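Hi there,

Here is the structure I promised to pass on. Please have a look, and my notes on what turned up follow below.

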Amino acid sequence: MKSAKLALVAAACGLLALPFAVGPLRIARAEAASPAQALPVPRIDVALPAAGKLETAVLSGGCFWGVQGVFEHVKGVKKVLSGYAGGPGAMAQYELVSTGTTGHAESVQIVFDPQQISYGEVLRIFFTVATDPTQLNMQFPDEGTQYRGEIFYADPDQKRVAEAYIRQLNDAHVFKKPIATRVDPLKGFFKAEDYHQDYLTRHPEQPYIATYDLPKVAMLREVFPDRYLAKATTVFPVDPSKTQPTRTARAF
């Protein structure tokens, strides 16, 4: 059972295709801006709520391992869950979502303190570090609608900020292509299986993680040093002896 589960996990984020995916052809398909430069600050943001109130963002930008891993290192983020959004709850299972036929996208739910980091700043980090928003229904070696870029808004304020920021970035031509990330209402977020949680932190030696995701965390540290949190805010306790330092940042 354990070996079968590990095989399924490998397939989740394209690891089985890795020998064919790490060459320059795949990397060259990304059209992101320079990783050495943070994207512009959103001109429109959500108003600051009362102190003590936490907010939630649900984002999809390819394999949830890397997106979760990035935001677990962001100051002001209290919890990040890998999961599924966009489809019905009955279909929110890894084996089904990985077929690309459920309507779900691999997503993360980010619970954050808006007194420390705003919703707009969460989106800024997402577009700068965690995903290439110009890729349609794919993210590097992972292809299919389950790897699409999507912002699931919980209220009109989040919708307004997300749409305004995408317009701002497109108008500024910070990417070589238009942003393909969708903005849709959140109908439900469904937590992924436990073995997906904290995957980057628990398996930094995994070839997929080392190739595609650790550079994102290193990029966060270099581009957003004031936002970077050295110790990951994980869902489950993690043995520090089984983790490794983040790798050098590399261009998408």
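A residue is called buried here when its relative accessible area is under 20%. Please keep in mind that this is a predicted model.

Let me start with the aromatic residues. Phe64 and Tyr84 are both buried. Seven aromatic pairs were counted, and Phe64 with Tyr84 is one of them: the ring centres are 5.8 Å apart and the planes make an angle of 50°, a tilted arrangement. Phe64 belongs to helix H4 and Tyr84 to strand E2 (residues 77-85), so this pair ties together parts that are 20 residues apart in sequence.

Another pair is Tyr208 with Tyr212, where the centres are 5.2 Å apart and the planes stand at 45°, so this pair is tilted. Both residues sit in helix H9, four residues apart, which means that about one helical turn separates them. Tyr208 has a relative accessible area of 3%, so it is buried, and Tyr212, at 6%, counts as buried too. These two tyrosines also belong to an aromatic cluster, together with Trp65, Phe140 and Tyr199.

Next, helix H6. How many of the twelve residues of helix H6 (residues 119-130) are buried? The count is twelve of twelve; among them are Tyr119, Glu121, Arg124, Phe126 and Phe127.

Thr102 lies in the loop between helix H5 (94-97) and strand E3. Its relative accessibility is 9%, so Thr102 counts as buried. The Thr102 side chain reaches the backbone nitrogen of His104 at 3.1 Å. Leaving aside residues up to four places away in sequence, Thr102 touches Gly87, Pro88, Met91, Leu96 and Val97.

How values were computed: Residues are numbered from 1 along each chain as its sequence is written. This is a predicted model: local features need pLDDT of at least 70, side-chain atom pairs count only at pLDDT 80 or more; totals for chains, interfaces and linings use all residues. Side-chain values use heavy atoms; hydrogens and water are left out. Buried means under 20% relative accessible area, exposed over 50%, partly exposed in between (1.4 Å probe, protein chains only). Helices (H or I, at least four residues) and strands (E, at least two) are DSSP runs, numbered from the N terminus. Rings of Phe, Tyr and Trp (its six-membered ring) pair if their centres lie within 6.5 Å; planes under 30 degrees apart count as stacked, over 60 as edge-to-face and the rest as tilted. A polar contact is a pair of N or O atoms within 3.5 Å; within protein, one must be able to donate a hydrogen and the other to accept it, and residues adjacent in sequence count only if both atoms are side-chain atoms. Contact means heavy atoms within 4.5 Å.
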